[in-house]
Each structure stands twice: as C-alpha cells, then as structure tokens.
Amino acid sequence: MSTLRSKNPATGEVIQEIETTPIESLAEIYSRAQSAQKYWGSVSLRKRAQYLLDLREVLVQRADELIDLISKENGKPQFEAMANEIIPSADLLTYFAKKAPRVLRDHRIPMVLMKHRRSDLNYWPVGVVAIISPWNYPFLLPFADIVMALVAGNAVIFKPSEITPCVGLRIQDICNEAGLPPFVLQTVIGEGLLGAALIDHKPGKVFFTGSVVTGRKVMEAAAKHLVPVNLELGGKDAMIVMPDADLDYATSAALWGSMSNSGQVCASVERILVHERIQERFVELLKAKLQRLRQGPSLNGQNDLGPITLEKQKSIYTQQIEEAKSHGAKLETGGEFTPDHRYLAPTLVTGHRIEDTSIYQEETFGPVAAITTFKSVSEAIEKANHNRYGLLASIITKNVPLAEEMARQLAVGTVTINEVLYTAGLGETPWGGVKDSGFGRTHSEAGLYEFVNVRHIHKPRVNSIYFKSLWWFPYSNYQFITFRLFLNLYRQSWIDKLKVFPHLLWNLVQMLKREKRL
Ligand code: NAD
C-alpha cells in the first residue's frame, strides 16, 4: 500500500497520511463512473440544478471546517480561504443552478434557406470527465469544474493535487453529503503518474489545470486517444499603470494583485508596466506597502501572506532574482527567505534590462513583482503582449474608455480595468487563456458548453415523402442549370437577381417534369 503525506507548509507538520489510489483500480473506477453516469445523465436538468442548491447548503454549513483545512494544507490565510475559495464557490453554485437549465436545454436554429426544415441543438453529457487540479486554489478550482460537469449530467473522476489531497477528499465528502448518487463523483489520490493513467482510460474529456510543462504532457497523452482537453495553464500577467492613475489606488491594486495567496496565482500580477512619469513615486509607495505586509502561519488570522506552499518553487525565485540582478536590476525590497526558509519576503525588482530575463518572461508563481516603464500607449501594449503567456492583463487609469480601447489590443483571455485577479472566481464570466496559458474556457455559459457534446437534430416541418431533395440522384443537365441559376440569387444587385428568376423557374419545372415529379 502506498501513501501520500499531506503537510502544513507553515509548520511542516503532517496533517494526514492518505492511501493512494492504485493505478490498477482505475479500470474498475471508470466502469463504476460509466454506470453511474447513465443514471445521472437521465436525471432532469431541473433536478440536477436543485442538487447544486442542496450542495450550496452543505457548503455553507461546513464552511468553517473547510476554511480551516484549506488554510492548513495550502498555507493561505483563513480570510483568503473564505473570501477567495468558499464564497466564490457558493456564488458559482447559485449561478449554475439558475443558468444551466436555460443554457443546456434544446435550442432552435433559425433556418435561412431551408425554411421547410427545422434544426435543433441538443446538448448531451460527454460522459466521464477527468478533472486534474493544482494545489494553489485547492477548493475553488476543481469545485467549479466539478459543479459544471455534474450539472451537465457527467460523471467525474477527480484527481486533486498530491500537495492538497485532504481538501480534494473533503470536496468528495460534501458532494456525497448533499445527496449525489454513488460513483457520480469519485476522487482518486496520487501523483502525476496517476493523472497520466487517468487519460489512458479514455475519458469523454480531460479538464486540466496546472503548469505548461504538464499541460503539454496531458495534451500529448490525450492526442493518442483523441480525447478532447481543456488546458488552464500558467500566466505572466501584466498590469499597465497609466500616467493619470491614482497612485494610492494603483499601488494597492498592484499589492493585492501580486501578493494575494503569496503570489501563487496563475493570474498574479508579475509584470508591472508603469508610465515613466510616475514610476519613481509608484515604486516608493508600493515598496512601503510591501514592507508593511505581515507574513506568518495562516491559522492565527493575523497575517496577510502565508508560507510558500511548494518547496520546489523556492529555487525558481532565487534563480530569477539573481538573473535579474546580473542584468542590472535593483532589488527594491525583499529577496530574502526567513531563517526557516518557509517565507520569501515580498519582493520588488526594477530595471530596464530585465525585460528579456526570466523574471519578466517566465512564470514566477511567488511573492515577487517586477517593474519596468513605458512612454506611450502603444509601447505599453507591445510590452504587455511581448510574452508567451496570455491569461490576464489589468489596466489602472482614470480614463476607462481609453483603457477599453487598449484592452481590445491585448492578447489575453481577460482584461480587468481598475481591478485585478478576482474575475477568476466569478461564475458568470469566462476564465481561460490564449497562447501558452492554454485554451478552452471554464465558468460562464462558455464553460458549461465545454462539458457537453452538441447533437444537431434536423427534421422536416411537415413530414412528407413526396418531395425528394432536388440535389439527390440522378443528376441531369436541367438540374445543373437550375442550380447554377440559383447561385445568381446571391448576387448583390436586385436587378441581377430578378433577371435570373424566370429562367430559374422554367428550368426547375423542366427538371421536375423530367424526374416525373410534376
Ligand atoms: P502541475 O502541472 O505540477 O500539476 C497539476 C496537476 O497535474 C497535479 O494534480 C499533478 O499531480 C498532475 N499531473 C502531473 N503530471 C501529470 C501527467 N503527466 N499527467 C496528468 N496529470 C499530471 O501544476 P501545479 O504545480 O499543481 O500548479 C501550478 C500551476 O498551475 C501554475 O503554472 C499555475 O499558473 C497553474 N494554474 C493555472 C490556473 C488557470 O486557471 N489557468 C489556475 C491555477 C493554477
């Protein structure tokens, strides 16, 4: 029997030792999921939506223990566990309970040419969805995907991160407690190998959230079986601070955007582009605010930043900061680990030559922000876009119409004006990236559609076997001429259209006579 040790990153204390799921048991797990899905997929949308409301009730009742566990296992302050994970989850449940029945019911397509027929779109579950998740928002991220998958009628096999398995298992518990039929959701515990094995069992879809490196492996594995994938990957998000920005507001936005969850956020503000006119004052103010942040164990409720959750991230921070320094960067504040090596002081780096170094180009995923400057709007946009990621960008300004114009030129999945990060937790707005940040969307109507197949049903308005379609066999010369004349009805000018009409009618009649239909 193999086990995983879940640890509190603030203390190193073992929270729980958990038995892992043997890879050999996946076949049985899939077979149970397939049977469970048959029943769950036949439950009405209205009832599945009602289940979300029952789940919301359990979530709120269990909130305190969930907040405590998230904070313990991930390290984030309890406030963040509540405000950034549990409350958005309750909100998501409310949104999808209301929205899903309307979005996923059959939709009619208005026919343009074929007025004698009708087309309906029918959304049906993809079957068994494999959801593979990271550790940085161990509750909200998988929970949102699970909720969408379930309301769409799928069964789910969920693999939480090996860093936060206890939170993963609690998601399973509350879903069961809310009355989910057995095996509609099954949580499997293990490391990357288990995730890879999940894909080899050919789920209906793989919903993956994690790093670019793993995302590529997931896509490769899925390609072997032609399994569709959604990839929610990393980011290197830019904040553009315009010269008219209120500096107190702008620095507070940059502070929260870069340091929330100790910067371990896919949409963290890692690159700050400040207009050169205000750069000096911006840096001074942000530096002062960074130095006032309190770091410490998450459970006492007194700290703003928890520890670094994942040991292996620490060497990335050191390497990026050292490389920036070797390119003439100034370390404005931070850069040092605490003696127990669990916390990196909030770090700010400035300097023009860092733009091509890893601190500006590669995901840091920690309490580190880097500032450079720009002179014009076009330069700001060009610099913001000069990156392989494209998840989120933010603009801070008093001129919202200008920001909107700029937003339309940024190659990202989301642009927030005078806000940062938080739309990742909204039910009603889409979340996802472009370029190396992945593809596909979660949350919103677009997210729901990721969890269904679309079936197009094309039927006659009035059922008749008398009129066979004009393009069926046997082909004839009259048929060719009729269709060629018909093509002229797509001409721009009404005169050209009308000219062709008598010929078209005559040929059509000849064609039908020849086929003995008239
Ligand atoms: P990771 O890629 O190391 O792991 C993510 C998950 O994939 C884990 O459950 C892991 O066990 C599993 N896994 C590992 N190898 C696998 C394989 N070969 N096949 C299938 N599954 C495998 O990422 P992480 O360190 O847990 O999370 C941090 C990353 O996630 C960051 O890059 C961050 O930006 C990204 N992220 C993106 C979003 C988003 O919405 N775009 C949200 C949160 C985190």
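**Figure 1. The lining of the largest pocket, sorted by residue class.** In this predicted model, the residues lining the largest pocket divide into 22 nonpolar, 16 polar and 12 charged. Here Ala, Val, Leu, Ile, Met, Phe, Trp, Tyr, Cys and Pro count as nonpolar, Asp, Glu, Lys and Arg as charged, and the others, Gly among them, as polar. The pocket has a volume of about 1,200 Å³, and of its 50 lining residues, Phe208, Gly210, Ser211, Thr214 and Lys312 are the closest to its centre. A pocket is an open set of points on a 1 Å grid over the protein atoms alone, with protein on both sides within 12 Å along at least five of seven lines, and lining residues have an atom within 4 Å of a point. For the volume, grid points are joined across faces, edges and corners, and the space filled by probe spheres set on the points is taken.

Which element gives the largest share of this lining? It is α8, with eight residues. At least two lining residues each come from α5 (140-151), α7 (192-200), β8 (205-209), α8 (212-225) and α11 (313-326). Helices (H or I, at least four residues) and strands (E, at least two) are DSSP runs, numbered from the N terminus. The largest pocket lies between domain 1 (32-233 + 445-456) and domain 2 (237-426), because both give residues to its lining. Domain bounds come from an automatic or database domain assignment.

A word on reading these views: residues are numbered from 1 along each chain as its sequence is written, and side-chain values use heavy atoms, with hydrogens and water left out. Local features need pLDDT of at least 70 and side-chain atom pairs count only at pLDDT 80 or more, while totals for chains, interfaces and linings use all residues.

**Figure 2. The second largest pocket, between domain 1 and domain 3.** This pocket has a volume of about 800 Å³. Its lining holds 24 residues, and Met114, His116, Ser469, Leu470 and Trp471 are the closest to its centre. Two or more lining residues come from each of β20 (452-460), α16 (477-487) and α17 (494-514), with α17 giving the most, four residues. By class, the lining has 15 nonpolar, six polar and three charged residues. Domain 1 (32-233 + 445-456) and domain 3 (467-515) both contribute to the lining, so the second largest pocket lies between them. The centres of these two domains, taken over C-alpha atoms, are 51 Å apart.

Figure 3. The structure holds one cavity of 30 Å³ or more; a cavity is a set of grid points where a 1.4 Å probe fits but cannot get out. The volume of the largest cavity is about 70 Å³. Of the 15 residues that line it, Arg271, Ala384, Tyr389, Gly390 and Val412 lie nearest its centre. The elements giving two or more residues to this lining are β10 (237-241), α13 (377-385), β15 (389-390) and β16 (392-396). Eight nonpolar, three polar and four charged residues make up the lining.

**Figure 4. Two aromatic pairs, one edge-to-face and one stacked.** The whole structure has nine aromatic pairs. Rings of Phe, Tyr and Trp (its six-membered ring) pair if their centres lie within 6.5 Å; planes under 30 degrees apart count as stacked, over 60 as edge-to-face and the rest as tilted. Tyr95 and Phe96 make an edge-to-face pair, because their ring centres are 4.9 Å apart and their planes stand at 75°. Tyr95 counts as buried at 16% relative accessibility, and Phe96 counts as buried at 0%. Buried means under 20% relative accessible area, exposed over 50%, and partly exposed in between (1.4 Å probe, protein chains only). Phe139 and Phe143 form a stacked pair, 4.9 Å centre to centre with 25° between the planes, and both residues are buried.

**Figure 5. Two lysines over aromatic rings.** Where does the charged end of Lys76 sit? It sits over the ring of Tyr137, 3.8 Å from the ring centre. The charged end of Lys497 sits over the ring of Trp494, 5.0 Å from the centre. A charge sits over a ring if NZ of Lys or CZ of Arg is within 6 Å of the ring centre and within 35 degrees of the ring normal.

**Figure 6. A look at Asp64 in helix α3.** Asp64 is found in α3 (residues 63-74) and is exposed, with a relative accessible area of 65%.
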